[in-house]
Amino acid sequence: MSYQQFISWLDATALSTQFKMTAWVVPAFQSIHILAIGVVVAVAAVLSLRLLGLSARHVSIASLTERLLPPTWWALAVLLLSGAVLIIAEPTRALTNRFFFIKMICLVLLVPLARRFHRAVQSQPQRWNEVSIVSPAMRPVVVVAMLLVTAIIFCGRWIAYA
Amino acid sequence: MRELIQQVAEWIGSTSLAEGIAGSSYLFPNLETIHVLGLALVIGTIGMVDLRLLGFASTHRTVRDVSAQMLPFAWTGFAVALLSGLAMFISNATFYVDNPAFQLKMLLLVLAGINMLVFHGRTWRSIDEWDSAPKPPTAVRLAGAVSLTCWVVIVFLGRWIGFIL
């Protein structure tokens, strides 16, 4: 099955047809998608500024990470599921869109980055409890993560215009 | 009143600023994106404060501490969302003032504002009594519930504006 055939097949499935016939599906799942983006953006902003030492230096990085990242993984699950609904509802719109692909590339880069960070903190909580500012070597990583989050949101909105 | 709002909206639409935004093919999507970034920051950080007020999360931290850390983010996000929202409104004011989703969204923003004023003006006075309480008193939890509900509905209504044409 070629990629084009897959899109045509998905487009013709009963589920896709059902979603297309129900007017509220797309706006409702877009709204849910945005709410979950809210969790990711807020966590990314709060955690990044803390890691850069620009906000809440008295709060331990280890405890902040442990409080913020687990709900973010749940938000990611909501994003993937609501995103899947939106793809099924409009397969051609999403799957032939260059912004969709750039978004997916950014996502594939961001998730392992966040996972590695989460693991690093979990493996040495003592060390991350003591530092008030992370090492300068960590700063570019934080900035890259923030840029990826921003790029993902830009691409997500631009899917509607390409 | 309705007439007046219509006339003001028509005048806004005729300004060169409105025509500039409406006439550009890349400006509006970028404004939407900036709006999403701003409101995401608002809902995410306000949500954390609301969940603390409700006693659902961060219960081992004081309400003061959570608020002090999160509210600067929320206000930054609000300023970004307000300015980008205003620019989008200007580009098509007559459409927005007639849009029921937009009208309801503005009503809920006012409600969220009143809830915040009552909370910080009255409820907050007794904060010393419940600052570190894992489950704050009813008035505090109510403020959290109203705020969270308002912002979630605001996000839904915001998305719905574009689907009512």
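A nonpolar core is a set of buried Ala, Val, Leu, Ile, Met, Phe, Trp, Tyr and Cys residues joined through C-beta atoms within 7 Å. A residue is buried if 20 or more other C-beta atoms, placed from the backbone, lie within 10 Å of its own.

The model is predicted: local features need pLDDT of at least 70 and side-chain atom pairs count only at pLDDT 80 or more, while totals for chains, interfaces and linings use all residues. Residues are numbered from 1 along each chain as its sequence is written, and chains are lettered from A and ligands numbered from 1 in the order in which they are written.

Start with the largest nonpolar core, which has 65 residues. Select A:I37, A:V40, A:V41, A:A42, B:A40, B:L41 and B:W151, the members that touch the most others.

Next, select B:L41. Apart from neighbours within four places in sequence, B:L41 is in contact (C-beta atoms, placed from the backbone, within 7 Å) with residues including A:V41, A:A42, A:A45 and B:F73.

Now select the side of chain B that touches chain A. Here 21 residues of chain B are in contact with 23 of chain A. The most come from α3(B), with 12 residues.

Finish at A:W158, in helix α8 of chain A. Is A:W158 buried or exposed? A:W158 is buried, because 20 other C-beta atoms lie within 10 Å. Leaving aside neighbours within four places in sequence, A:W158 is in contact with A:F99 and B:P29.

Note on methods: Contact = placed C-beta atoms within 7 Å. Helix = DSSP H or I, 4+ residues; strand = E, 2+ residues; numbered from the N terminus. Buried ≥ 20, exposed ≤ 12 C-beta atoms within 10 Å, placed from the backbone.
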